[in-house]
Amino acid sequence: MKNTEIIKEISELLELEGNFDINETPIEIDSLSSLGLVSFLDTNFNISVTKEEIEEFKVVNDIIKFIDARKG
Amino acid sequence: MIEFNNIKILGISSCVPENLMDLKSIFKNESETRLKKTSKVTGIESIRIAGSDTTASDLCIKSAEHLFEKLNFDKNEIDSIVFVSQTRDYVMPQTSFVIRKKLGLNNDTICFDLPLGCTGFIQGLFQSYSLLQNKKIKNVLLLCGDTMTKYLNKEDFATRSVFGDGGSSCIISSTENKFATFFDIKSAEEKPDSLMMKSDKLFMDGFEVFKFVSKYVPRSIKENLKYLNQNFDDFENVIFHQANDFIIKFLNKALKIDETKSPTVLNGLGNTGPASIPLALTEKFFKVKKGHTFLCGFGVGLSYANCVVNLSDTEILKTIIYNEKH
(Lines give C-alpha, C1' and ligand atoms only; values in the text may rest on other atoms or scores of the structure.)
Protein backbone atom coordinates (compact mmCIF):
# COMPACT_ATOMS: atom_id res chain seq x y z
CA MET A 1 0.00 0.00 0.00
CA LYS A 2 1.42 3.40 -1.02
CA ASN A 3 1.71 6.24 1.49
CA THR A 4 -0.90 8.27 -0.43
CA GLU A 5 -3.38 5.41 -0.03
CA ILE A 6 -2.55 5.07 3.66
CA ILE A 7 -3.10 8.79 4.18
CA LYS A 8 -6.42 8.63 2.32
CA GLU A 9 -7.62 5.68 4.45
CA ILE A 10 -6.51 7.32 7.70
CA SER A 11 -8.11 10.65 6.80
CA GLU A 12 -11.41 8.84 6.17
CA LEU A 13 -11.11 6.89 9.41
CA LEU A 14 -10.41 10.01 11.45
CA GLU A 15 -12.80 12.16 9.40
CA LEU A 16 -10.14 14.73 8.57
CA GLU A 17 -11.62 17.32 6.28
CA GLY A 18 -10.13 19.83 3.83
CA ASN A 19 -6.41 20.50 3.65
CA PHE A 20 -4.50 18.98 6.49
CA ASP A 21 -0.79 18.65 7.07
CA ILE A 22 0.33 15.12 7.92
CA ASN A 23 3.11 16.56 10.11
CA GLU A 24 1.28 19.46 11.70
CA THR A 25 -2.49 18.94 11.91
CA PRO A 26 -3.34 17.44 15.33
CA ILE A 27 -5.49 14.29 15.21
CA GLU A 28 -8.03 13.07 17.73
CA ILE A 29 -8.57 9.34 17.98
CA ASP A 30 -11.68 8.54 19.99
CA SER A 31 -12.78 5.03 21.00
CA LEU A 32 -14.70 4.41 17.76
CA SER A 33 -11.86 5.68 15.54
CA SER A 34 -9.39 3.51 17.44
CA LEU A 35 -11.41 0.40 16.48
CA GLY A 36 -11.19 1.46 12.83
CA LEU A 37 -7.47 1.98 13.18
CA VAL A 38 -6.95 -1.46 14.76
CA SER A 39 -8.92 -3.03 11.92
CA PHE A 40 -7.04 -1.03 9.26
CA LEU A 41 -3.61 -1.99 10.63
CA ASP A 42 -4.57 -5.63 11.17
CA THR A 43 -6.27 -6.15 7.80
CA ASN A 44 -3.74 -4.33 5.63
CA PHE A 45 -0.43 -4.89 7.43
CA ASN A 46 -1.08 -7.66 9.96
CA ILE A 47 0.08 -5.21 12.64
CA SER A 48 -1.28 -5.28 16.20
CA VAL A 49 -1.48 -1.98 18.09
CA THR A 50 -2.07 -1.21 21.78
CA LYS A 51 -4.14 1.56 23.33
CA GLU A 52 -0.94 3.14 24.64
CA GLU A 53 0.60 3.20 21.17
CA ILE A 54 -2.53 4.83 19.74
CA GLU A 55 -2.35 7.50 22.44
CA GLU A 56 1.09 8.43 21.09
CA PHE A 57 -0.29 9.22 17.62
CA LYS A 58 -0.49 13.02 17.53
CA VAL A 59 -0.38 13.61 13.74
CA VAL A 60 -1.03 11.38 10.70
CA ASN A 61 2.68 10.95 10.05
CA ASP A 62 3.09 9.26 13.46
CA ILE A 63 0.86 6.45 12.17
CA ILE A 64 2.82 6.18 8.91
CA LYS A 65 6.11 6.02 10.85
CA PHE A 66 4.60 3.37 13.14
CA ILE A 67 3.60 1.23 10.14
CA ASP A 68 7.06 1.62 8.56
CA ALA A 69 8.77 0.65 11.80
CA ARG A 70 6.58 -2.42 12.32
CA LYS A 71 6.94 -3.54 8.72
CA GLY A 72 10.66 -3.43 9.31
CA MET B 1 -14.26 -30.14 16.33
CA ILE B 2 -16.76 -32.29 18.20
CA GLU B 3 -19.25 -34.12 15.99
CA PHE B 4 -22.84 -35.13 16.75
CA ASN B 5 -25.16 -37.11 14.50
CA ASN B 6 -28.89 -37.82 14.19
CA ILE B 7 -29.98 -34.59 15.87
CA LYS B 8 -31.76 -31.64 14.28
CA ILE B 9 -33.13 -28.24 15.21
CA LEU B 10 -36.86 -28.60 14.67
CA GLY B 11 -37.76 -24.92 14.93
CA ILE B 12 -36.54 -21.49 16.02
CA SER B 13 -38.58 -18.58 17.35
CA SER B 14 -37.66 -15.19 18.84
CA CYS B 15 -39.44 -12.48 20.78
CA VAL B 16 -38.50 -8.86 21.43
CA PRO B 17 -40.06 -6.16 23.66
CA GLU B 18 -42.47 -3.77 21.97
CA ASN B 19 -40.61 -0.68 23.23
CA LEU B 20 -38.35 0.53 20.39
CA MET B 21 -36.14 3.44 21.46
CA ASP B 22 -33.95 5.45 19.11
CA LEU B 23 -30.58 6.74 20.29
CA LYS B 24 -31.75 10.36 20.08
CA SER B 25 -34.43 9.62 22.69
CA ILE B 26 -32.04 7.72 24.94
CA PHE B 27 -29.25 10.30 24.76
CA LYS B 28 -31.09 13.61 24.73
CA ASN B 29 -27.97 15.59 25.64
CA GLU B 30 -25.57 14.00 23.13
CA SER B 31 -24.60 15.83 19.93
CA GLU B 32 -26.14 14.62 16.69
CA THR B 33 -22.63 14.23 15.25
CA ARG B 34 -21.63 11.75 17.97
CA LEU B 35 -24.86 9.78 17.61
CA LYS B 36 -24.51 9.61 13.82
CA LYS B 37 -20.88 8.52 14.03
CA THR B 38 -21.78 5.84 16.57
CA SER B 39 -24.66 4.51 14.47
CA LYS B 40 -22.44 4.44 11.39
CA VAL B 41 -19.95 2.18 13.20
CA THR B 42 -22.34 0.01 15.21
CA GLY B 43 -25.19 -0.19 12.67
CA ILE B 44 -27.60 0.65 15.49
CA GLU B 45 -29.96 3.63 15.42
CA SER B 46 -32.58 2.15 17.73
CA ILE B 47 -32.85 -0.74 20.20
CA ARG B 48 -35.53 -2.81 21.92
CA ILE B 49 -35.86 -2.22 25.66
CA ALA B 50 -37.92 -4.45 27.96
CA GLY B 51 -40.33 -2.91 30.46
CA SER B 52 -39.34 -2.80 34.12
CA ASP B 53 -41.39 -5.93 34.93
CA THR B 54 -40.38 -7.92 31.85
CA THR B 55 -37.61 -10.49 32.26
CA ALA B 56 -35.52 -12.53 29.83
CA SER B 57 -37.58 -15.58 30.78
CA ASP B 58 -40.82 -13.76 29.84
CA LEU B 59 -39.47 -13.14 26.33
CA CYS B 60 -38.26 -16.74 26.03
CA ILE B 61 -41.54 -18.20 27.31
CA LYS B 62 -43.53 -16.12 24.82
CA SER B 63 -41.32 -17.31 21.95
CA ALA B 64 -41.59 -20.96 23.14
CA GLU B 65 -45.41 -20.81 23.30
CA HIS B 66 -45.39 -19.40 19.77
CA LEU B 67 -43.04 -22.17 18.62
CA PHE B 68 -45.20 -24.95 20.15
CA GLU B 69 -48.29 -23.49 18.48
CA LYS B 70 -46.81 -22.93 15.03
CA LEU B 71 -45.07 -26.30 14.93
CA ASN B 72 -48.14 -27.99 16.40
CA PHE B 73 -45.69 -29.54 18.86
CA ASP B 74 -46.98 -31.33 21.97
CA LYS B 75 -45.15 -29.61 24.85
CA ASN B 76 -45.47 -32.80 26.92
CA GLU B 77 -42.82 -34.26 24.60
CA ILE B 78 -40.14 -31.89 25.99
CA ASP B 79 -37.67 -33.87 28.13
CA SER B 80 -35.29 -31.07 29.15
CA ILE B 81 -35.02 -27.27 29.28
CA VAL B 82 -31.72 -25.42 28.85
CA PHE B 83 -32.06 -21.71 29.70
CA VAL B 84 -29.09 -19.56 28.67
CA SER B 85 -28.97 -16.05 30.12
CA GLN B 86 -26.74 -13.56 31.90
CA THR B 87 -29.82 -11.83 33.33
CA ARG B 88 -31.69 -14.72 34.93
CA ASP B 89 -34.74 -13.87 37.01
CA TYR B 90 -33.12 -15.11 40.21
CA VAL B 91 -29.72 -16.23 41.45
CA MET B 92 -31.71 -18.86 43.33
CA PRO B 93 -33.75 -20.80 42.24
CA GLN B 94 -32.71 -21.64 38.70
CA THR B 95 -34.96 -19.75 36.28
CA SER B 96 -35.45 -22.91 34.20
CA PHE B 97 -37.57 -24.38 37.03
CA VAL B 98 -39.78 -21.29 36.91
CA ILE B 99 -39.99 -21.52 33.10
CA ARG B 100 -40.95 -25.21 33.29
CA LYS B 101 -43.82 -24.40 35.58
CA LYS B 102 -45.02 -21.38 33.59
CA LEU B 103 -44.97 -23.36 30.35
CA GLY B 104 -46.87 -26.19 32.02
CA LEU B 105 -44.30 -28.84 31.14
CA ASN B 106 -44.12 -32.23 32.86
CA ASN B 107 -42.45 -32.23 36.27
CA ASP B 108 -39.87 -34.79 35.11
CA THR B 109 -38.48 -32.24 32.64
CA ILE B 110 -34.77 -31.86 33.44
CA CYS B 111 -33.98 -28.16 33.97
CA PHE B 112 -30.66 -26.35 33.53
CA ASP B 113 -29.57 -22.69 33.66
CA LEU B 114 -26.40 -21.66 31.85
CA PRO B 115 -25.00 -18.21 32.67
CA LEU B 116 -23.53 -17.49 29.23
CA GLY B 117 -23.56 -14.52 26.88
CA CYS B 118 -22.39 -13.96 23.33
CA THR B 119 -21.42 -17.61 22.77
CA GLY B 120 -24.48 -18.73 24.72
CA PHE B 121 -26.58 -19.93 21.81
CA ILE B 122 -23.84 -22.21 20.49
CA GLN B 123 -22.90 -23.44 23.96
CA GLY B 124 -26.61 -24.00 24.67
CA LEU B 125 -26.88 -26.03 21.47
CA PHE B 126 -23.85 -28.04 22.55
CA GLN B 127 -25.44 -28.81 25.95
CA SER B 128 -28.71 -29.75 24.24
CA TYR B 129 -26.96 -32.04 21.75
CA SER B 130 -25.03 -33.62 24.63
CA LEU B 131 -28.27 -34.32 26.53
CA LEU B 132 -29.73 -35.94 23.41
CA GLN B 133 -26.96 -38.54 23.47
CA ASN B 134 -29.08 -40.24 26.13
CA LYS B 135 -31.66 -42.38 24.33
CA LYS B 136 -34.39 -41.48 26.84
CA ILE B 137 -34.11 -37.80 25.95
CA LYS B 138 -35.82 -37.07 22.62
CA ASN B 139 -36.56 -33.32 22.70
CA VAL B 140 -34.77 -30.41 24.36
CA LEU B 141 -36.14 -26.88 24.63
CA LEU B 142 -33.27 -24.38 24.37
CA LEU B 143 -34.11 -20.86 25.53
CA CYS B 144 -31.64 -17.99 25.13
CA GLY B 145 -32.30 -14.44 26.24
CA ASP B 146 -31.07 -11.36 28.03
CA THR B 147 -32.57 -8.14 29.35
CA MET B 148 -29.16 -6.52 29.64
CA THR B 149 -30.55 -2.96 29.43
CA LYS B 150 -31.49 -3.33 33.13
CA TYR B 151 -27.80 -3.69 33.98
CA LEU B 152 -26.39 -0.74 32.03
CA ASN B 153 -24.87 2.29 33.69
CA LYS B 154 -26.87 5.36 32.62
CA GLU B 155 -23.63 7.29 32.19
CA ASP B 156 -21.99 4.66 29.98
CA PHE B 157 -22.56 5.70 26.37
CA ALA B 158 -20.61 2.75 24.91
CA THR B 159 -22.87 0.05 26.38
CA ARG B 160 -26.17 1.97 26.34
CA SER B 161 -25.84 2.68 22.63
CA VAL B 162 -25.32 -1.00 21.76
CA PHE B 163 -27.14 -3.44 24.05
CA GLY B 164 -30.79 -4.41 23.61
CA ASP B 165 -33.19 -7.02 25.01
CA GLY B 166 -34.52 -10.19 23.39
CA GLY B 167 -35.38 -13.83 23.86
CA SER B 168 -35.50 -16.95 21.72
CA SER B 169 -36.43 -20.61 21.77
CA CYS B 170 -35.50 -23.73 19.81
CA ILE B 171 -36.67 -27.31 19.91
CA ILE B 172 -33.81 -29.74 19.32
CA SER B 173 -34.75 -33.33 18.60
CA SER B 174 -33.38 -36.77 17.83
CA THR B 175 -33.84 -37.76 14.19
CA GLU B 176 -33.29 -40.75 11.97
CA ASN B 177 -31.54 -38.55 9.40
CA LYS B 178 -27.78 -38.29 9.69
CA PHE B 179 -27.52 -34.49 10.03
CA ALA B 180 -23.92 -34.15 11.22
CA THR B 181 -23.33 -31.12 13.45
CA PHE B 182 -19.90 -29.84 14.51
CA PHE B 183 -18.87 -27.69 17.46
CA ASP B 184 -15.69 -25.88 18.41
CA ILE B 185 -15.84 -24.04 21.76
CA LYS B 186 -12.87 -22.21 23.26
CA SER B 187 -11.85 -19.42 25.60
CA ALA B 188 -8.94 -17.02 25.16
CA GLU B 189 -5.80 -16.56 27.24
CA GLU B 190 -6.59 -12.87 27.77
CA LYS B 191 -8.13 -11.72 31.04
CA PRO B 192 -11.93 -11.78 31.05
CA ASP B 193 -12.24 -8.37 32.74
CA SER B 194 -12.70 -6.40 29.50
CA LEU B 195 -16.33 -7.54 29.46
CA MET B 196 -17.89 -8.25 32.82
CA MET B 197 -20.56 -7.39 35.36
CA LYS B 198 -19.15 -5.14 38.09
CA SER B 199 -21.44 -4.22 41.01
CA ASP B 200 -24.52 -5.19 38.99
CA LYS B 201 -23.53 -3.01 36.01
CA LEU B 202 -22.09 -4.15 32.71
CA PHE B 203 -18.55 -2.97 31.98
CA MET B 204 -17.12 -3.24 28.46
CA ASP B 205 -13.73 -2.21 27.08
CA GLY B 206 -14.66 -2.25 23.40
CA PHE B 207 -11.06 -1.85 22.25
CA GLU B 208 -9.86 -4.95 24.09
CA VAL B 209 -12.91 -6.98 23.06
CA PHE B 210 -12.30 -6.11 19.40
CA LYS B 211 -8.62 -7.00 19.71
CA PHE B 212 -9.59 -10.37 21.19
CA VAL B 213 -12.04 -11.00 18.34
CA SER B 214 -9.55 -10.03 15.62
CA LYS B 215 -6.84 -12.20 17.18
CA TYR B 216 -8.81 -15.41 17.80
CA VAL B 217 -12.01 -15.61 15.77
CA PRO B 218 -10.79 -15.57 12.13
CA ARG B 219 -8.05 -18.06 13.01
CA SER B 220 -10.47 -20.48 14.68
CA ILE B 221 -12.87 -20.32 11.74
CA LYS B 222 -10.06 -20.99 9.24
CA GLU B 223 -8.96 -23.99 11.34
CA ASN B 224 -12.53 -25.33 11.40
CA LEU B 225 -12.94 -24.99 7.63
CA LYS B 226 -9.63 -26.76 7.12
CA TYR B 227 -10.73 -29.56 9.45
CA LEU B 228 -13.99 -29.94 7.52
CA ASN B 229 -12.21 -29.53 4.18
CA GLN B 230 -14.76 -26.88 3.23
CA ASN B 231 -14.91 -23.19 2.38
CA PHE B 232 -17.62 -20.56 2.62
CA ASP B 233 -18.89 -21.43 -0.88
CA ASP B 234 -20.13 -24.65 0.71
CA PHE B 235 -22.39 -22.76 3.14
CA GLU B 236 -25.82 -21.26 2.54
CA ASN B 237 -25.61 -18.98 5.60
CA VAL B 238 -22.92 -17.57 7.89
CA ILE B 239 -24.46 -16.17 11.06
CA PHE B 240 -22.25 -14.20 13.45
CA HIS B 241 -23.15 -13.09 16.95
CA GLN B 242 -24.63 -9.64 16.38
CA ALA B 243 -22.15 -7.62 18.47
CA ASN B 244 -22.01 -4.60 16.18
CA ASP B 245 -21.84 -3.87 12.47
CA PHE B 246 -18.15 -2.98 12.59
CA ILE B 247 -17.03 -6.38 13.94
CA ILE B 248 -19.22 -8.33 11.50
CA LYS B 249 -17.87 -6.31 8.56
CA PHE B 250 -14.34 -6.88 9.84
CA LEU B 251 -14.92 -10.66 10.00
CA ASN B 252 -16.59 -10.76 6.57
CA LYS B 253 -13.60 -8.92 5.10
CA ALA B 254 -10.95 -10.92 6.97
CA LEU B 255 -12.55 -14.22 5.94
CA LYS B 256 -13.66 -13.09 2.46
CA ILE B 257 -17.31 -13.93 3.20
CA ASP B 258 -19.99 -12.85 0.75
CA GLU B 259 -22.03 -10.32 2.79
CA THR B 260 -25.30 -11.60 1.31
CA LYS B 261 -24.73 -14.84 3.25
CA SER B 262 -23.89 -13.00 6.47
CA PRO B 263 -26.85 -10.89 7.64
CA THR B 264 -26.68 -8.10 10.19
CA VAL B 265 -29.84 -7.34 12.12
CA LEU B 266 -28.52 -4.82 14.61
CA ASN B 267 -30.65 -1.82 13.81
CA GLY B 268 -33.90 -1.94 15.75
CA LEU B 269 -32.57 -4.63 18.10
CA GLY B 270 -29.06 -3.93 19.39
CA ASN B 271 -26.71 -6.59 20.74
CA THR B 272 -29.01 -9.11 22.47
CA GLY B 273 -26.28 -11.42 23.82
CA PRO B 274 -27.23 -15.13 23.68
CA ALA B 275 -30.38 -14.35 21.65
CA SER B 276 -28.55 -12.57 18.84
CA ILE B 277 -27.89 -15.58 16.56
CA PRO B 278 -31.46 -16.94 16.70
CA LEU B 279 -32.73 -13.37 16.25
CA ALA B 280 -30.56 -12.97 13.15
CA LEU B 281 -32.25 -16.10 11.77
CA THR B 282 -35.81 -15.12 12.69
CA GLU B 283 -35.39 -11.51 11.53
CA LYS B 284 -34.16 -12.75 8.15
CA PHE B 285 -36.41 -15.84 8.12
CA PHE B 286 -37.55 -15.00 4.59
CA LYS B 287 -33.98 -14.76 3.34
CA VAL B 288 -32.24 -17.55 5.27
CA LYS B 289 -31.66 -20.47 2.94
CA LYS B 290 -32.39 -23.84 4.43
CA GLY B 291 -29.18 -25.79 4.44
CA HIS B 292 -25.56 -25.87 5.51
CA THR B 293 -25.00 -23.04 8.02
CA PHE B 294 -21.97 -21.71 9.90
CA LEU B 295 -22.69 -20.13 13.30
CA CYS B 296 -20.09 -18.12 15.22
CA GLY B 297 -20.31 -16.50 18.64
CA PHE B 298 -17.68 -14.48 20.51
CA GLY B 299 -17.49 -12.22 23.53
CA VAL B 300 -17.87 -12.49 27.28
CA GLY B 301 -15.45 -14.94 28.79
CA LEU B 302 -13.54 -14.09 26.68
CA SER B 303 -14.95 -17.01 24.74
CA TYR B 304 -15.53 -17.97 21.13
CA ALA B 305 -17.57 -20.78 19.66
CA ASN B 306 -18.36 -22.08 16.19
CA CYS B 307 -20.99 -24.52 15.02
CA VAL B 308 -21.69 -26.09 11.65
CA VAL B 309 -25.30 -27.15 11.45
CA ASN B 310 -27.79 -28.24 8.81
CA LEU B 311 -31.00 -26.18 8.86
CA SER B 312 -32.70 -28.06 5.98
CA ASP B 313 -35.46 -29.37 8.24
CA THR B 314 -35.66 -26.36 10.55
CA GLU B 315 -38.76 -24.18 10.72
CA ILE B 316 -37.56 -20.58 11.21
CA LEU B 317 -40.42 -18.37 12.40
CA LYS B 318 -40.75 -14.62 12.06
CA THR B 319 -39.75 -12.63 15.19
CA ILE B 320 -42.73 -11.77 17.40
CA ILE B 321 -43.27 -8.74 19.64
CA TYR B 322 -43.88 -9.05 23.39
CA ASN B 323 -46.87 -7.04 24.50
CA GLU B 324 -45.91 -5.53 27.87
CA LYS B 325 -49.53 -5.78 29.05
CA HIS B 326 -49.34 -9.54 28.43
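Visitor: With the side chain of which residue does the side chain of Thr319(B) make a polar contact?

Guide: A polar contact is a pair of N or O atoms within 3.5 Å, where within protein one must be able to donate a hydrogen and the other to accept it, and residues adjacent in sequence count only if both atoms are side-chain atoms. In this predicted model, the side chain of Thr319(B) makes such a contact with the side chain of Glu283(B), at 2.7 Å, and another of 2.9 Å joins the side chains of Thr319(B) and Thr282(B).

Visitor: Before we go on, how should I read the names and the limits?

Guide: Residues are numbered from 1 along each chain as its sequence is written, while chains are lettered from A and ligands numbered from 1 in the order in which they are written. Because this is a predicted model, local features need pLDDT of at least 70 and side-chain atom pairs count only at pLDDT 80 or more, whereas totals for chains, interfaces and linings use all residues, and side-chain values use heavy atoms, with hydrogens and water left out.

Visitor: Where is the place of Thr319(B), and is Thr319(B) buried or exposed?

Guide: Helices (H or I, at least four residues) and strands (E, at least two) are DSSP runs, numbered from the N terminus, and Thr319(B) sits in the loop between strand 15 (315–316) and strand 16 (320–322) of chain B. Buried means under 20% relative accessible area, exposed over 50%, and partly exposed in between (1.4 Å probe, protein chains only), so Thr319(B), at 12%, is buried. Leaving aside neighbours within four places in sequence, Thr319(B) is in contact (heavy atoms within 4.5 Å) with residues including Ser14(B), Val16(B) and Leu279(B).

Visitor: How many residues of helix 9 of chain B are buried?

Guide: Seven of the eight residues of helix 9 (residues 276–283) are buried, which leaves this helix mostly covered; among them are Pro278(B), Leu279(B) and Thr282(B). The buried residues of helix 9 pack against several elements of chain B, including strand 2 (7–17), helix 5 (120–131) and strand 13 (292–299).

Visitor: Where is Asn244(B) found?

Guide: Asn244(B) is found in the loop between strand 12 (237–240) and helix 8 (245–254) of chain B, and with a relative accessible area of 14% this residue is buried. The side chain of Asn244(B) reaches the backbone nitrogen of Phe246(B) at 3.0 Å, and beyond its neighbours within four places in sequence Asn244(B) is in contact with Thr42(B) and Leu266(B).

Visitor: In which helix does Thr159(B) lie?

Guide: Thr159(B) belongs to helix 6 (residues 157–160) of chain B and is buried, its relative accessible area being 0%. Its side chain is joined to that of Asp156(B) by a polar contact of 3.1 Å.

Visitor: How many aromatic pairs does a search of the whole structure find?

Guide: A pair of aromatic rings is described by the distance of the centres and the angle of the planes. Rings of Phe, Tyr and Trp (its six-membered ring) pair if their centres lie within 6.5 Å, with planes under 30 degrees apart counted as stacked, over 60 as edge-to-face and the rest as tilted. Over all chains, the search finds 17 aromatic pairs. The rings of Phe57(A) and Phe66(A) have centres 5.3 Å apart and planes at 70°, so they are edge-to-face; Phe57(A) counts as buried at 6% relative accessibility, and Phe66(A) at 12%. In chain B, the rings of Phe4(B) and Phe183(B) have centres 5.6 Å apart and planes at 85°, so this pair is edge-to-face. Phe4(B) lies in strand 1 (residues 2–4) and Phe183(B) in strand 9 (residues 181–187) of chain B, so the pair ties together parts that are 179 residues apart in sequence. Together with Phe126(B) and Tyr129(B), these two form one aromatic cluster.

Visitor: What is the area buried between chain A and chain B?

Guide: The size of an interface is often given as the accessible area lost when the parts come together. Here about 1300 Å² is buried (the accessible area, 1.4 Å probe, that two parts lose on being put together, summed over both), and carbon and sulfur atoms give 66% of this area. Leu32(A), Leu35(A) and Lys51(A) supply 43% of the area that chain A buries against chain B, more than any other three residues.

Visitor: How many salt bridges are there between chain A and chain B?

Guide: There are two salt bridges between these chains, the term meaning a side-chain nitrogen of Lys or Arg within 4 Å of a carboxyl oxygen of Asp or Glu. Lys37(B) forms a salt bridge with Asp30(A), with the closest N and O atoms 3.0 Å apart.
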